[in-house]
Amino acid sequence: MSTLDDLQRYLDNPLPADVAERSLLSGSMGESPSKYSRSPAMWNAAFREIGLDAVHMPFDVRPENLAGFVDAARAYPGFMGSNVTVPHKLAIMPLLDEIDPIAREIGAVNTFMQTADGRLVGFNTDADGLIASMLRTLPGESEPFLPTLSGKRVLLLGAGGAGRASAFALAKQVSDGSLLLTNRSLERAEELAKQAAVATGAKVTATAQELALDVVWSMDVIVNASTVGQSGMRRLGNGEATSLEAFSSLAPAAPAVVPEGDGGASFWREWFAASFKAIAENNARSAAAIAMCKPDAAFVDAVYSPDETVLLRQARLSGRKTLNGKGMLVMQAAFSFVNRMTRRHLQAAGHDPDALYDRVVEVMAAGF
């Protein structure tokens, strides 16, 4: 059995002492979710709505602390599980006892739960969240973002953890359309394209990022599943850091790497001065490519912090439809709440989890 202090040993962010007073604990695990994640607000709003004595916390876990934290969390009384984000979606897999077949096929885990007998089981709900956010009517909206993906030509940016989930999900939806993948590493995109094509039977191909800029004009839907555009500083180890926030995911991004220092204004001044030329080039190439797109082309970004990435801002200003990652996060969180991490605890409290889904979606969207 572990304690709150045992968990804290592996975290960069402090956990409040009153966490130990709650019967149940879940969280969002990543490099620094305490600085940007909306998940704690969403999950805690749902816990309050349902009346469950539980709390959801951000877990800032460095890669070298991942295994130790998972062991400590497993032994913590009332631990339900955790969402998993950058950069741990692949690294978490060997540390779990079981991987759901869909997550195994995708090759990445974005959430895991603890079973009644203490086993940790990994899942991937990114795919469910992405498709639901695009094709279902979200809270506050009168109609879906898109009526269908069938027959569409879709460009997917990124082949990492979220990119892998998105590739399989989109390939299953395009029917007689097509899916084109691009990534900083062409080899990685090509491998993913082959896997998604074999698994779904869809037309899935890959191309270099430079070449993707030349064909974006022919695309119906452009989806970013990379971390380019995400807010904040990214620590790289050895006292160095960078940021991807000022870049569009549509064009090659080459941010400068500088000493992280205290992560304050001095870091940003040095980083911006060193990255200015790269930012200007990236933004200009992205804007030029978007200007060539079809007037009814739709842009989707899995990133939800900031609310509007450079990609989405340029697309909106050009008159195209845009959708940020809020809906994807809400939909996948609600799915995990009802069907994965919290399900057995809801049942133990006398709830019918399936009957709670729409209510949880509404509450999480309001708490975002």
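Analyst: Lys 321 lies over the face of Phe 145, at 4.6 Å from the ring centre. This is a predicted model, and every value below is computed from it.

The structure holds 11 aromatic pairs. In one of them, Trp 43 and Phe 337, the ring centres are 5.4 Å apart and the planes stand at 55°, so the pair is tilted. Trp 43 belongs to helix α2 and Phe 337 to helix α11, and 294 residues separate them, so that the pair links distant parts of the chain. Both Trp 43 and Phe 337 are buried.

Another aromatic pair, Tyr 304 with Phe 368, is edge-to-face, with 5.9 Å from centre to centre and 70° between the planes. Tyr 304 lies in the loop between β14 and α10, while Phe 368 lies in the segment after α13 (357–367); the pair therefore ties together parts that are 64 residues apart in sequence. Tyr 304 has a relative accessible area of 12% and is buried, because the limit for that word is under 20%. Elsewhere, Phe 247, Phe 267, Trp 268 and Trp 271 form one aromatic cluster.

Phe 337 leads on to the core. In the largest nonpolar core, which has 66 residues, Phe 337 is among those with the most contacts inside it, together with Met 134, Leu 170, Leu 179, Leu 181, Val 223 and Met 364. Helix α11 (residues 326–339) gives the most to this core, with eight residues. In soluble globular proteins, nonpolar side chains tend to be buried together.

Leaving aside residues up to four places away in sequence, Val 223 touches Leu 130, Met 134, Val 154, Leu 155, Leu 156, Leu 157, Leu 170 and Val 300. Met 134 and Leu 170, in turn, are also among the core residues with the most contacts. There is a second, separate core as well; its 27 residues include Leu 25, Met 93, Ile 99 and Leu 120.

Next come the charged pairs. The structure holds 13 salt bridges. One of them joins the side chains of Arg 38 and Asp 307, at 3.2 Å from N to O. Arg 38 sits in the loop between β1 and α2 (39–50) and Asp 307 in the loop between β14 (298–301) and α10 (310–317), 269 residues apart, and the pair thus links distant parts of the chain. Arg 38 is partly exposed at 23% relative accessibility, and Asp 307 is partly exposed with a relative accessible area of 48%.

A further salt bridge brings together the side chains of Asp 220 and Lys 294, with 2.8 Å from N to O. This pair also links distant parts of the chain: Asp 220 is in the loop between α8 (209–215) and β10 (221–224), and Lys 294 is in the loop between α9 (265–291) and β14, 74 residues apart. Asp 220 is buried, with a relative accessible area of 17%, whereas Lys 294 is partly exposed at 28%.

Arg 235 and Glu 260 meet in a salt bridge too, at 2.9 Å from N to O. Arg 235 is in strand β11 (residues 233–237) and Glu 260 in the loop between β13 (258–259) and α9, 25 residues apart. Here Arg 235 is partly exposed, with a relative accessible area of 31%, and Glu 260 is buried, with 16%.

The last stop is strand β5 (residues 111–114). Thr 111 and Met 113 point one way from this strand, Phe 112 and Gln 114 point the other way, and all are buried. In a regular strand the side chains alternate between the two faces of the sheet. Strand β5 pairs with strand β3 (residues 79–84) in the antiparallel sense, over three bridges, and Met 113 is the bridge partner of Gly 81. Four bridges join β5 to strand β6 (residues 120–123), and these two strands run antiparallel; Phe 112 stands opposite Gly 122 in β6. The hairpin of β5 and β6 has five residues between the strands, and in it Gly 118 takes a positive phi near 90°.

Terms used: Residues numbered from 1 in each chain as written. Predicted model: local features only at pLDDT ≥ 70, side-chain atom pairs only at ≥ 80, totals over all residues. Heavy atoms only, no water. Buried < 20%, exposed > 50% of the residue type's maximum accessible area, 1.4 Å probe, protein only. Pairing = 2+ DSSP bridges. Core = buried A, V, L, I, M, F, W, Y, C linked by side-chain atoms within 4.5 Å. Contact = heavy atoms within 4.5 Å. Salt bridge = Lys/Arg side-chain N within 4 Å of Asp/Glu carboxyl O. Phe/Tyr/Trp six-rings, centres within 6.5 Å; stacked < 30°, edge-to-face > 60°. Lys NZ or Arg CZ within 6 Å of the ring centre and 35° of its normal.
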